[in-house]
Amino acid sequence: MPQQQERVLSGWAAAGAQAVSNSEPRLVLASGDDSENAFQFSFEILRRNVFRTRFASKSHPLPPHPSARPMRAELDGVNLTVSSPSQTIKEIEVGDVSLRLDWTESSPLLSVAFSESKESPLLQDLPFRGYAVDGHGVAHYTRYNRGTLHVGLGEKAAPMDLSGRKFEMSATDSFGYDIYRTDPLYKNIPLLINATPSGCVATFSTNHTRGLYSIGSEMDGMWGRYKVFRQDYGGLEEYTMVGRTLKDIVRTYAELVGFPLLVPRWAFGYLSGGMKYSMLDDPPASEALLELARKMKEYDIPCSAYQMSSGYTVAEEPPKTRNVFTWNRHRFADPEGWIKEYHKLGMRLIANVKPYVLGSHPEYEKLKAAGAFFTDPNTKQPAIARLWSAGGGESGEGGHIDFTSEAGFKWWYNGVKKLREEGIDCIWNDNNEYVITDDDWECALNLPFLEIPKELEGRPQIGIWGRNLHTELHGQASHDALVDSDPESRPFVLTRSATASTMRYACSSWSGDNTTSWESMKGSTALGLNAGVSLLHCYGHDIGGFEGPQPSPELLLRWVQLGIYSPRFAINCFKTFTENNVGDVIEPWMHPSITYLIRKTIKRRYALIPYIYSSMIDSHREAIPPQRWMGWGHESDPEVWKKPLTDGETQYWFGDSIIIGGVFEPGATQVKIYLPKGSDDDEGYVNMNAPYQYFKAGQWVTVDTEWHGAGIAVIAKIGAAIPIGRDVQVLSPGEKENVANLPLDDYRAVEIFPPEKASGDRWYETTWHEDDGVSPVAKNQISSYTFTYSSTVDLVNVKFSRDESSGFRTPWKTLVVTLPSGDVRVVQSVDGRTVSDLGRDEQGRRKFQLS
């Protein structure tokens with residue numbers, strides 16, 4: 001158990017000229033300690049639903065490089081009333097939120113409630129212990145809202161509900177982790193959301209340091225049940241956000257830390273990977289990878305990119321260590337020529353880069369002399385770490401890049417820029433958890449744009465600045481290099497580790513080095529849902545498992561069937577059971593008996609890209625996660641607040657229109673899923689797979705899921721319209737070259753799901769969004785397409801409109817309307833468009849084309 005040196009301060013009084021009775025919606029208090037280390041407590045209202053608390057001193061300064069840029073107050077038009085029942089109490093009404101601050105006794109206490117339910121606060125500080133000094137750090141105690149849902153924290157072990165558990169706020173290289181037990185994993189995002197049917201509240205700390213979050217896992221007869229956030233170093237800067245729903249909270253959080261970046265459209269196709277290929281000497285890796293790309297075409301499996309593992313950087317001569325920003329010229333004799341050949345086969349390249357340099361690296365001494373590494377205060381020399389080097393568990397000595405050093409940041413920036421100039425399309429920031437064993441290692445802090453607060457002058461220790469500050473700056477260096485190398489293209493940085501601020505520079509992440517098992521696949525869904533509310537939106541998992549045995553045919557197919565319904569779809573692995581440095585690899589055709597089903601499933605992924613991509617545009621503009629908990633938008637349904645739905649393991653919303661129910665045990669032929677009811681006029685659902693039945697909302701149903709038949713449960717909402725494209729890789733409209741001779745994105749359909757009977761006066765409307773798929777945000781043009789329909793017993797009446805006022809116009813000019821299997825009605829336009837009957841597809845669905 002970590003050392004505890006906790007003390008609760010007393011004697012709080014208004015600081016300086018701040019008078020308690022004034023009408024300002026803020027409060028500044030000073031502790032009764034007269035020393036220069038006296039603490040200050042402040043509380044500010046920034047929005048009608050956003051409040052900032054700070055608890056700091058000279059000895060415990062505020063986060064020196066906060067992961068959220070300071071939010072400015074915007075209260076114009078907000079109803080605000082302030083009163084002071086006593087000299088030590090302040091009550092504030094802001095919009096529909098009631099706040100109470102009480103510093104009568106030992107620690108300031110904050111209470112947050114909706115105005116109509118003041119007796120049931122959403123958040124309450126723990127009396128006599130709310131804010132405490134704890135050694136070099138601080139602790140914040142609040143009452144534990146027992147029996148409610150707690151989510152967030154970026155990426156934590158399953159299940160989704162974090163209630164009653166304790167977590168380290170840190171990040172580590174958790175290779176082959178247990179998805180239900182390992183902690184920490186790869187991300188450090190101290191955002192905790194407490195969701196209830198009557199409202200939600202979130203707290204977010206802006207520090208990059210290590211800490212601990214206990215969410216009701218501790219209790220005491222005197223203190224009762226509580227939550228506590230313990231921060232190892234420095235003072236506290238914490239934002240409290242209030243909302244009626246999770247959607248409100250996630251949107252508000254995005255306004256604070258930044259909305260998810262827009263991802264290139266091609267990145268939603270199949271991303272291949274596997275360490276084996278780039279580790280080969282005979283045949284050379286370059287030839288093996290070209291053969292992989294050719295096999296994709298031979299097996300008619302579309303694939304958009306290859307995640308190039310770090311084997312391309314392994315030195316040709318002993319010691320054969322990984323040397324970032326170098327090429328193994330035996331494996332890749334002509335990197336630029338090879339990259340051009342790979343592009344001709346239709347696959348982009350995502351190059352793995354690791355933010356450390358081993359002692360055998362050809363530029364180690366140069367970097368050491370330039371001050372690009374951390375400093376060990378014991379030796380006054382560059383800090384030496386043992387770093388992963390070659391195969392599983394192999395290591396060598398070297399140094400982490402200190403991204404607060406101008407030399408380190410610039411060297412990394414130039415290295416990425418050179419890779420981009422050589423033809424590499426994207427950067428994969430890997431092994432960037434900054435697993436450093438000494439809090440006292442010193443940062444250079446000479447990066448020109450890095451601000452050094454006065455309180456931190458002379459305090460360069462990584463403990464207080466935070467290891468994961470370097471994860472953020474690592475992301476920025478890679479991002480900036482890509483932007484400067486190719487300012488006309490959308491940058492793509494994939495990151496394994498992340499803080500809240502990292503995602504201002506990296507647009508995608510995944511759950512790291514998972515294992516091959518049914519349990520691992522099941523738990524991955526919960527990780528994805530917590531990632532979503534934490535703004536990790538282009539997020540997914542290594543399909544089939546990164547580490548462990550090869551998946552059986554059934555497990556692989558089930559995982560692919562599930563994986564195509566996640567924002568990011570990748571198959572990547574390093575199977576170390578072979579006991580060599582090369583490992584084995586998962587290939588889509590590895591089990592011939594199911595290759596046709598793998599192909600069919602991956603092609604369905606490509607057909608769904610217009611739907612997925614529109615959801616990602618919503619993510620970028622509205623902070624709506626593409627993958628969501630079943631209660632999202634259905635908070636009035638009491639069932640969603642119960643297990644197993646709060647575990648988040650077995651089903652989820654994928655976009656606005658589809659419910660996915662996975663299969664997580666071998667031999668299963670059916671699954672039970674819940675179909676939530678949002679309101680009394682909710683018309684239910686349709687099974688998109690055989691036997692295509694209709695279901696009422698608000699019930700548990702049993703769905704056929706034969707693994708080599710219907711597949712997993714895929715259920716559409718009545719009234720939905722799902723945009724569909726070609727089931728192959730296509731050329732994004734904004735791409736200027738077509739070296740692979742890809743087909744144009746010139747086909748669009750909508751799969752619609754009218755009620756089984758007439759809809760009466762009700763019309764169903766769906767709007768989706770498209771752009772050119774590659775332009776940077778500053779130059780991007782987003783257009784919108786709206787499809788509306790109603791139904792009678794015999795007809796489906798439709799309307800369609802385009803809004804291309806942005807300037808972007810799609811390559812497709814007509815729209816195909818696809819009815820559910822078994823629906824024999826005729827589509828009829830009510831806005832003057834010509835309708836052509838295209839007959840039925842291989843699934844027996846009627847199709848009609850609108851001019």
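Begin by selecting helix H9, residues 518-533, which lies across strands S13 and S15 and runs at about 75° to S13; here contact means heavy atoms within 4.5 Å, and axes are lines fitted to C-alpha atoms, for helices over the stretch in contact, with angles from 0 to 180 degrees between N-to-C directions. Helices (H or I, at least four residues) and strands (E, at least two) are DSSP runs, numbered from the N terminus. This is a predicted model, in which local features need pLDDT of at least 70 and side-chain atom pairs count only at pLDDT 80 or more, while totals for chains, interfaces and linings use all residues. Residues are numbered from 1 along each chain as its sequence is written, and side-chain values use heavy atoms, with hydrogens and water left out.

Next, select the open sheet of eight strands, whose order is S2-S3-S4-S5-S19-S16-S15-S13 with antiparallel pairing; two strands pair if DSSP finds at least two bridges between them. Strand S2 (13-14) and strand S13 (149-152) stand at the edges with a single partner strand each, so one side of each has no neighbour in the sheet. Within the sheet, six bridges join S15 (residues 191-196) to the antiparallel S16 (residues 199-205), and Leu191 has Phe204 of S16 as its bridge partner.

Then move to helix H3 (residues 285-298) and helix H4 (residues 335-344), which pack at an angle of about 10° with their axes 10 Å apart. That angle makes H3 roughly parallel to H4, a term for angles under 35 degrees. Among the residues making the contact are Leu289 of H3 and Trp338 of H4.

Key:
Parallel < 35°, antiparallel > 145°, perpendicular 65-115°, else oblique.
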